[in-house]
Structures are given as structure tokens and as C-alpha cells.
Amino acid sequence: MSEFANNLSCAQFQAELPELISSGEHIGNHQHLRGCKLCRALLADLDAIAQAARRLFPVEEPPDALWWDIESAIVREEAAPLGWSS
Ligand SMILES: [Zn+2]
């Protein structure tokens with residue numbers, strides 16, 4: 001059974017992938033994926049990346065404390081002497 005026997009080419013499928021993912025559909029059942037191990041591997045990679053990203057950034061908005069850290073870091077930088085730069 002050839003991978004090229006699919007109705008949908010890999011390029012077409014991958015172009016639709018973001019839409020399929022954001023639709024919340026269970027794309028594991030997608031017709032193209034069932035016949036294409038290349039795209040299954042691609043999807044597994046994307047899934048691993050997405051899971052890693054969720055672990056690294058568990059919330060969409062950074063907590064207020066982070067902004068305070070950034071703000072105080074900026075203030076420190078502005079207050080630092082710049083004599084060496086001119
Ligand atoms: Zn494919």
C-alpha cells in the first residue's frame with residue numbers, strides 16, 4: 001500500500017493541519033493520517049512540542065510577579081551608570 005495512494009497529499013494535509021488542530025477535532029482519525037506514516041510522525045512531533053510548551057508555559061498570561069521583576073530590572077538598568085559607553 002503506497003503512501004501516495006491517499007486522496008490528500010501530505011502538503012495539502014499539512015496546510016490544513018493548524019485548522020484541524022484548532023478545530024478540536026480528533027485528527028488521529030483523519031483519513032490522511034491513517035494511511036500516512038510520515039504525517040503521523042510529524043503530528044507526534046508537534047504533539048510532543050505542544051506538551052513541552054504547556055509544561056514550560058502552564059498559563060497564558062505571565063503572573064504579575066513576573067512583570068514586577070521585569071519592571072524592577074528595567075529601573076535598575078536605567079539607574080546604572082553609563083559612563084563606559086560614551
Ligand atoms: Zn502525509
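Of the 86 residues of the protein chain in this predicted model, 7% count as buried. The chain contains four helices and zero strands, and its pattern along the sequence reads α-α-α-α.

**Confidence**

- The mean pLDDT of the protein chain is 78, with 77% of its residues at 70 or more.
- Over residues 1-6 the pLDDT is below 50, although this stretch has seven contacts in the model beyond near neighbours in sequence.
- Where pLDDT is low, predicted coordinates should not be read in detail.
- Confidence is highest in helix H3 (residues 37-56), at a mean of 89, and lowest in H4, at 75.

**Helix H1**

- Helix H1 covers residues 10-22. Its 13 residues should span 18 Å at 1.5 Å a residue, and this agrees with the 19 Å between its end C-alpha atoms.
- At Glu 16, H1 bends by about 40°; a proline, Pro 18, follows within four residues.
- After H1 comes Gly 24, which has a positive phi, near 80°.
- Ala 11 is found in H1. Is Ala 11 buried or exposed? Ala 11 counts as exposed because it has 8 C-beta neighbours inside 10 Å, and a residue is exposed if that number is 12 or fewer.
- Ala 11 and Cys 39 are 28 residues apart along the chain, and their C-alpha atoms are separated by 9.6 Å.

- At 1.5 Å a residue, the 20 residues of H3 should span 28 Å, and the distance of 28 Å between its end C-alpha atoms agrees.
- H3 is hardly covered, as two of its 20 residues are buried.
- Helix H4 takes in residues 64-79. Its 16 residues should span 22 Å at 1.5 Å a residue, which agrees with the 23 Å between its end C-alpha atoms.
- How many of the 16 residues of H4 are buried? The number is zero, so H4 lies largely in the open.

**Nonpolar core**

- Which residues form the largest nonpolar core? This core has five residues, namely Phe 13, Leu 33, Cys 36, Cys 39 and Leu 43.
- Leu 43, a member of this core, is in contact with Ile 27 and Leu 33 when its neighbours within four places in sequence are left aside.

Key. Residues numbered from 1 in each chain as written. Predicted model: local features only at pLDDT ≥ 70, side-chain atom pairs only at ≥ 80, totals over all residues. Core = buried A, V, L, I, M, F, W, Y, C linked by C-beta atoms within 7 Å. Contact = placed C-beta atoms within 7 Å. Expected span 1.5 Å × (residues − 1). Bend = angle between axes of the 7 residues up to and from the residue. pLDDT = per-residue confidence, 0-100.
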